[in-house]
Amino acid sequence: MSFDLTPTVAQHDLARRAHEFAEQVVRPVAQDYDKRQEFPWPVLEEAAQAGFYSPLFYRDLIGDPTGLSLPMFMEELFWGCAGIGLAIVMPALALSAIGQAASPEQMLEWAPECFGTPGDLKLAALAISEPEGGSDVRNLRTTARRDGDDWIIDGHKMWIGNGGIADVHVVNANVDPDLGHKGQALFIVPGGTPGLQLVRKLDKLGCRASHTAELKFDGVRVPAANLLGGHEKLEHKLAKAREAVEGGRHSGSATLGALEQTRPMVAAQALGISRAALEYATSYANEREAFGAPIIDNQGIAFPLADLATQLDAARLLTWRASWMAATGVPFERGEGSMAKLAATELAVKTTERALQTMGGWGYISDHPVEKWYRDAKLYTIFEGTSEIQRVVISNALGAADGRPPMHVDLDPTGGPLNAWFGRGTPARTRAANKALDARDRVPAPVMNLAMKVLRPPSKKPTDK
Ligand SMILES: Cc1cc2nc3c(=O)[nH]c(=O)nc-3n(C[C@H](O)[C@H](O)[C@H](O)COP(=O)(O)OP(=O)(O)OC[C@H]3O[C@@H](n4cnc5c(N)ncnc54)[C@H](O)[C@@H]3O)c2cc1C
């Protein structure tokens with residue numbers, strides 16, 4: 001599947017429905033949930049009714065070979081409100097981790113438990129970070145030890161979306177501390193399991209409609225079947241990790257793999273925040289008058305907005321490319337997932353700050369949503385890997401790819417033998433064009449027209465201006 005920016009009819013419709021949902025259901029209540037810092041259950045219910053809250057919906061989007069459905073949906077939803085958006089899509093993050101690690105049987109068992117059904121909604125959480133280590137996964141101290149047919153989990157988790165209120169917690173724990181992060185495995189801990197304790201709901205700067213918590217695991221006992229991927233796969237992974245450690249080599253981690261896959265998804269959420277802020281600030285600048293003219297007439301106001309519009313499109317292209325790569329299995333060898341996350345999330349902070357500045361005093365108070373978007377945006381340079389960690393990933397990839405050409409040069413080309421011989425830019429095509437030009441006085445006009453039809457650039461569509 002080649003990279004194509006044209007949406008399919010279904011994608012077009014998905015974006016329209018998501019936008020209507022964001023505009024009509026999410027935006028009207030966003031500030032209220034933010035102020036009260038309350039979980040938006042009624043909005044989740046409406047999302048479920050609209051088909052935006054189910055495992056099949058997200059598997060469908062993740063499985064889309066064009067890669068565009070997921071970022072298009074995320075951008076529209078988060079244009080509405082990032083806090084409510086996170087409350088809606090949090091189970092999809094857990095589902096993504098389950099999808100990476102689980103057996104097909106486990107996927108079938110737990111995916112429906114992450115979302116429930118309209119009228120009987122359920123929640124899921126992905127619990128990786130700990131008080132001592134968010135970025136440094138080697139520092140994670142939660143352990144899981146085998147006890148007969150069960151696993152016993154002990155530890156402490158921090159900043160967990162839906163933590164403690166979720167029906168399904170996907171928990172990262174160390175089963176072999178000697179192997180560091182390579183000795184980690186993912187477990188399902190159902191809500192209400194004895195020993196799973198919600199220490200506190202965290203009081204956040206932004207994205208306040210989403211629930212984020214500190215959790216403790218005190219002798220939490222889960223059956224062996226809750227180890228994602230199963231015993232045999234774990235033993236195989238540990239054996240490989242031991243070999244790697246003994247040989248001084250590095251190997252991947254399921255946890256980090258899940259994050260790599262979700263980075264374009266998080267980038268697309270940040271695009272939604274940026275777009276909301278840019279649109280709002282532009283409308284405001286068009287209407288607000290100072291010194292007898294709309295403030296947008298001042299280049300000091302208009303140029304930063306022009307820069308942001310440019311950077312927004314650039315970040316969207318990076319995000320869609322990363323999402324297309326994830327969907328088609330092209331590895332992120334140059335840190336493309338991190339590039340998308342870094343560009344889109346840093347931009348969300350910049351855009352919301354600029355939108356606030358554009359609105360002066362009105363931007364600073366909660367009569368308008370911009371101050372909320374400013375607070376919401378800041379989370380995006382922190383979670384799912386901070387901006388600094390994205391730079392670590394990209395710079396490591398740069399080092400590893402030293403001397404290699406850009407990604408598109410490395411991709412397998414499409415087009416086949418005819419394209420290789422007569423595609424645009426080939427010597428045969430240039431020769432044919434030159435010959436046709438030389439012969440223009442001798443060749444009858446209809447034949448010449450036909451030759452020109454083949455050789456000329458693509459014509460504009462009738463709708464083009
Ligand atoms: C609202 C919210 C929701 C979250 N949701 C979840 C969730 O659902 N599940 C979950 O598991 N986690 C979640 N997190 C945790 C989040 O992923 C971590 O906070 C994040 O990874 C950063 O970890 P840390 O806070 O421990 O910061 P640290 O890792 O301590 O970093 C502190 C600072 O040092 C920098 N730094 C660290 N290492 C390096 C380095 N090598 N080079 C340069 N700079 C470096 C960081 O970039 C940062 O600026 C959430 C966090 C928040 C705030």
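**Ground rules.** I count residues from 1 along each chain as its sequence is written. As the model is predicted, local features need pLDDT of at least 70 and side-chain atom pairs count only at pLDDT 80 or more, while totals for chains, interfaces and linings use all residues.

**Ligand.** I looked up what surrounds the ligand and found 22 residues (C-beta atom, placed from the backbone, within 6 Å). The closest are Gly134, Ser135, Gly161, Thr386 and Glu388. I then noted that β3 (124-127), β5 (150-161) and α13 (387-400) each give two or more residues to this shell. Helices (H or I, at least four residues) and strands (E, at least two) are DSSP runs, numbered from the N terminus.

I sorted the shell by class: eleven nonpolar, seven polar and four charged residues. Here Ala, Val, Leu, Ile, Met, Phe, Trp, Tyr, Cys and Pro are nonpolar, Asp, Glu, Lys and Arg are charged, and the others, Gly among them, are polar.

Where does the ligand lie relative to domain 1 (123-247) and domain 2 (253-411)? It lies between them, because both give residues to the shell. The bounds come from an automatic or database domain assignment.

**Residues 125-220.** I checked this stretch and found 0% helix and 51% strand. Its end C-alpha atoms are 16 Å apart.

**Pro71.** I placed Pro71 in helix α4 (residues 69-80). Is Pro71 buried or exposed? It counts as buried because it has 26 C-beta neighbours inside 10 Å (buried means 20 or more other C-beta atoms within 10 Å, exposed 12 or fewer, partly exposed in between, with C-beta atoms placed from the backbone).
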